[in-house]
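Here are my notes on the model, as numbered points. Please read them with the structure open.

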Amino acid sequence: MKIVVCVKQVPDTAEADVKLGSDGRGIEMEGLPLQINESDNYALEESLLIKEDRDGEVTVITLGPESADEVLRMSMAKGADEAVRLADPALEGGDAWAVALALAKAIGGMEYDLVLTGCMASDDGMTQVGVTLAEMLGVPHATYVTEMEIGDGSVTVGRELEGGLVERVEMSLPAVVTIQTGINEPRYASIMGIAKAAKREIHTKSAADLCLDAGEAGEAGSRTKLLKLDYPPAGEGAEILDGTPSEASAKLANVLKEKGFA
Amino acid sequence: MPRVAARGPQAFNTRTGGHMPTLAEKYELLACIQCGRCTAGCPVSLRTPLNVRKLVYEGQIGPGPAGAHERPQAWSCTTCSTCTERCPKGVKPMELLIGLRGKSIERGKALPAVRDALESTFKHGNPWGRSRDKRAEWADELDVPIAGEGEAIPLLYYVGCTPAYDPRVQDVARALVRLLEAAGVTYSTFGTAESCCGNEVKRMGEEGLFELLVEGNRELFAGHDVGSIVTGSPHCMNTFLKEYGEPVGEVVHYSQLLARLLDEGRLEFKGSVEKKVTYHDPCFLGKHNSIFDEPRSVLERIPGVEFEELDRSRERALCCEGGGGRMWVEAEEERGERLADTRVKDAVDLGADVLVTACPFCLLTLEDAVKTSGCEGKIEILDIAELAALAL
Amino acid sequence: MNDVLVLAEHLNGELKDVTFEMLTHARVLADAGGAKVAAVLFGSGVGDLAEKLTAEADEVLVRDHDGFANYNSAVYQPVLADVIRGREPSVVMIGHTAFGVDLAPSLSVALDAPLATDLIDLAVEGTDLVATRQTHGGKVNERVGFGDAAVRLVTVRPAAFAPQAGSRGGSVIALDTDVPQEPAFRRFVEYVEAAAGDVDITKSDVVIAIGRGIKEEENLAMINEFAELLGGVVACSRPVVDAGWLPKDRQVGSSGKTVKPKLYVAIGVSGQFQHVAGMKSAETIVAINKDPKAPIFQAAHFGIVGDLMKVVPALTEKITELRA
Ligand SMILES: Cc1cc2nc3c(=O)[nH]c(=O)nc-3n(C[C@H](O)[C@H](O)[C@H](O)COP(=O)(O)OP(=O)(O)OC[C@H]3O[C@@H](n4cnc5c(N)ncnc54)[C@H](O)[C@@H]3O)c2cc1C
């Protein structure tokens, strides 16, 4: 079973004070730790579980700058066999369409039974690349998958819908499945393992290698156009009860008392 | 700003191939005569299925377990090192346990909480999942010196991850700063550039990450020409002293520095603390480094303090079970009373108002034990720096 | 401007809220551009749903067919693509739901049309339409254009627009577009309801919800104590379930439960829209978070910016004092 996993390196902004770059088209990356996108990590784990269960070969692929090699090495340390980076400044800055097209060109040239992606990137929140890729490859897809069972030339998945309702779908292989968090328990990649993986080759591909011309790659190849980034308007928001933890708590305790909770 | 995560893994070499030593060869287990002193002295063997002697035996008679994932009890060890110290044949059972954890880590079979702590250390330089830019927040309302790029640091206050981030232990760091100020000590910190010393990482068995941290810290220290170091935790001190290979400078625990400042007359107590006080020896201060007298000498010099020893003290002190990665791991099939509960009850029985300790992990586990042992309101847990600061 | 087309989403005989939200905004757009609003409804036996939509749209395009008994993007997509090709709307709105996310990107490839997802706003600016969406966990707003495309596809975040009842009195138009057989390459199997657990968080007046900010399972003890004090149940965000700290039936949000308690306290929850979707209707919402920029403060009525490890014990103490 040949599995391709699409992974993305993203900045961890959960607790960070996100600052916009001066051109209003990106955020300041300085000081933000980089990591594998959360749901991609679950997708990777799922591929490794399949590989362990029924023999297989896992290729991880990413589109991104050199720093993204870190995510590929981490994936290899965990057990991925091959790593590919679509490494070309011309490919960067694209929308979901452009990213999916580059991935489709790369994956289309490989042998594969299953393509796994995370269901959503935590930075841009597009929730779009996996399905776009499937359609470009001309294979079936299923999104938000929290259960997966490989059959004979087929895969049965559980898609998590609103309210926790699960829709079970059967697809023929090859197929693209976008993985939702919580489907498994991702493993740890030891630093020794990552160091060993650093000796292994990461195959790189340029826009030319993918037979993409200038108008098809990156920003030029995008169907949507990024106009500008802003901070969200302050809005009404909550009444902030300030002071030390003890002072603020005293205020809140009083509010709760007034409302009959305390 | 130096960042552990940014260094990349090429920074160190992997061990190269050749014959893979067996557990027996690697940890010289054949010297073991199965006398059982290790297990007899093991504080957690009372409470969990961990049987150190048996694990050594398994390694003697065969290839032994493939890792801690096959013998989960290996995660129950607090690395207090009693077993290693008591072994009459010089075997190092504790190293074997850490080695078994390491084998699990290599196979990606770390427990989830351990995995998260390790990934956080790699990413943010601390095991608590907190971002690096918040590392100096504990000092926000204080005037704590932070060394500028390349600035020499004759005396470094190495705060450590738990005092930097844990809200309870932050109080200890702040108390210590007040004491240093009162004594007119010139010192500096690394602010947000400080990274984990690697103590817990090493004990969780993640040797590669530990080496990465050592390298990063060495570089950081060298870049500031660090003279001596006072650490905010006995665990950091122990690691700098014993596990960094070449010494990184003179390293002391803050209780030693406080004792010295009192000796030299630089630190004086103007107030008093009218309390009956007893003291819990942290394993990494006492058992591991034989620092028994300095903390006691500080306590005894605090005006008003009536000091009394616990029955099991100094070398015989009970472990609190917070070390060796155990802040992240629940022991296997626990039974009986937690050692920290026993410790708190002993202190209550002694009639102490305050149980003092000198380690962030001990402080947290003992404070938790006050609740779990039903001793709320009966006793207070304080760090030695906090008690001393009360007498300023 | 041409039509604004809205794909109606429904399950178990009920139209989803997001459908009415989209239609409300579609009317604003259509009025601004002098265009019509058309709702598209696919399903099996959906006559009464079509009737409900007549007030909301100028036209209700219905394809009632067995093949739509269950959702399958492989069936929906070619039919919807045909309808769009036939009518050339300026914009097609689809909910940013498990259904829409599965469908819209493949539609975009089939039509070679630009797609902007998870919109919180869409506005006519000059001759163009400009979408607003959020990135980096709600900390950044991104404005996106569609170039010179004739047909624009968007998915719209649930609850981004407040629904208002329409009074269009539109006509129902039955379509006869071909509906393909369910293809062998993707077959619907069944729906599986989530298993019920020991606690029903939707029944409690007080819900104390924790997020990833809780950092360690151990800290649950402190939260349980706090919840007990207020007579509430403990609920959580998705990562807490992923980590295995609480069972799935405690999860609040779009893929979890929707709760409407009198009091909701969100502790260490950042407030991503998928979470907010499940608790925004609570009567009083309190947020405790270290990060003053966390989006949860936009959803909350009262907030404390601070470390939960300090605030929760302090709050427990203050409430206990007040009671004494
Ligand atoms: C299809 C889909 C469906 C989803 N469904 C749901 C759903 O139903 N429910 C749901 O919740 N999520 C859902 N999600 C996930 C959602 O996108 C977010 O990832 C999730 O809600 C984030 O959870 P969180 O707020 O707990 O974690 P984070 O976003 O990581 O936020 C943690 C917060 O804790 C704060 N914090 C950290 N430490 C402290 C401290 N010491 N004191 C105070 N505050 C602290 C931080 O500032 C931060 O704001 C879904 C995602 C997808 C793609």
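Predicted model: local features only at pLDDT ≥ 70, side-chain atom pairs only at ≥ 80, totals over all residues.

1. Side-chain atom pairs count only at pLDDT 80 or more. Please keep that in mind for the contacts that follow.

2. Who lines the ligand site. The shell around the ligand holds 31 residues. The closest are Arg212(C), Ser237(C), Gln251(C), Ser255(C) and Ser270(C). The surrounding residues come from chains A and C, so the site is shared between chains.

3. Make-up of the shell. By residue class, the shell around the ligand has 16 polar, eight nonpolar and seven charged members. Two helices of chain C deserve a label: H6 (238–242) and H7 (273–276). Each supplies at least two residues of the shell.

4. In Arg212(C), a backbone N or O atom lies 2.7 Å from an oxygen atom of the ligand. In Arg238(C), a backbone N or O atom lies 3.0 Å from an oxygen atom of the ligand. Lys215(C) uses its side chain: an N or O atom there is 3.4 Å from a nitrogen atom of the ligand. The ligand taken alone exposes 980 Å², and the protein buries 93% of that.

5. Chain A overall. Chain A has six helices and 13 strands. Its C-alpha trace spans about 65 × 45 × 40 Å along the principal axes. Of its 262 residues, 56% are buried. Among contacts in chain A with a separation of 6 or more, 71% are between residues 24 or more positions apart. The chain exposes about 10,100 Å², of which carbon and sulfur atoms supply 47%.

6. Over all chains, the count of salt bridges is 67. One of them joins Glu52(A) and Arg187(A), with the closest N and O atoms 2.7 Å apart. Glu52(A) sits in helix H1 (residues 38–54). Arg187(A) sits in the loop between strand E10 (175–179) and helix H5 (191–197). The partners are 135 residues apart, so the pair links distant parts of the chain. Which partner is buried? Arg187(A) is, at 11% relative accessible area. Glu52(A) is exposed, at 53%.

7. A pair across chains. Arg187(C) and Glu170(A) meet through their side chains in a salt bridge (3.1 Å, N to O). Arg187(C) belongs to strand E12 (residues 186–192) of chain C and Glu170(A) to strand E9 (residues 166–172) of chain A, so this pair joins two chains. Both count as partly exposed: Arg187(C) at 34% relative accessibility, Glu170(A) at 26%.

8. Arg296(B) and Asp281(B) form a salt bridge, the closest N and O atoms being 2.7 Å apart. Arg296(B) lies in helix H14 (residues 293–301), and Asp281(B) in the loop between strand E4 (276–279) and H14. The pair thus ties together parts 15 residues apart in sequence. Arg296(B) is buried, at 4% relative accessible area. Asp281(B) is buried too, at 2%.

9. Salt bridges with shared partners join Arg159(A), Glu167(A), Asp102(C) and Arg186(C) into one network. Side chains of opposite charge can pair when their charged atoms come close.

Note on methods:
Residues numbered from 1 in each chain as written. Chains lettered and ligands numbered in written order. Heavy atoms only, no water. Near = heavy atom within 4 Å. Polar contact = N/O pair within 3.5 Å; in protein donor to acceptor, adjacent residues only side chain to side chain. Areas by Shrake-Rupley, 256 points an atom, 1.4 Å probe, with all protein chains shown as cover. Helix = DSSP H or I, 4+ residues; strand = E, 2+ residues; numbered from the N terminus. Nonpolar A, V, L, I, M, F, W, Y, C, P; charged D, E, K, R; others polar. Buried < 20%, exposed > 50% of the residue type's maximum accessible area, 1.4 Å probe, protein only. Contact = heavy atoms within 4.5 Å. Salt bridge = Lys/Arg side-chain N within 4 Å of Asp/Glu carboxyl O.
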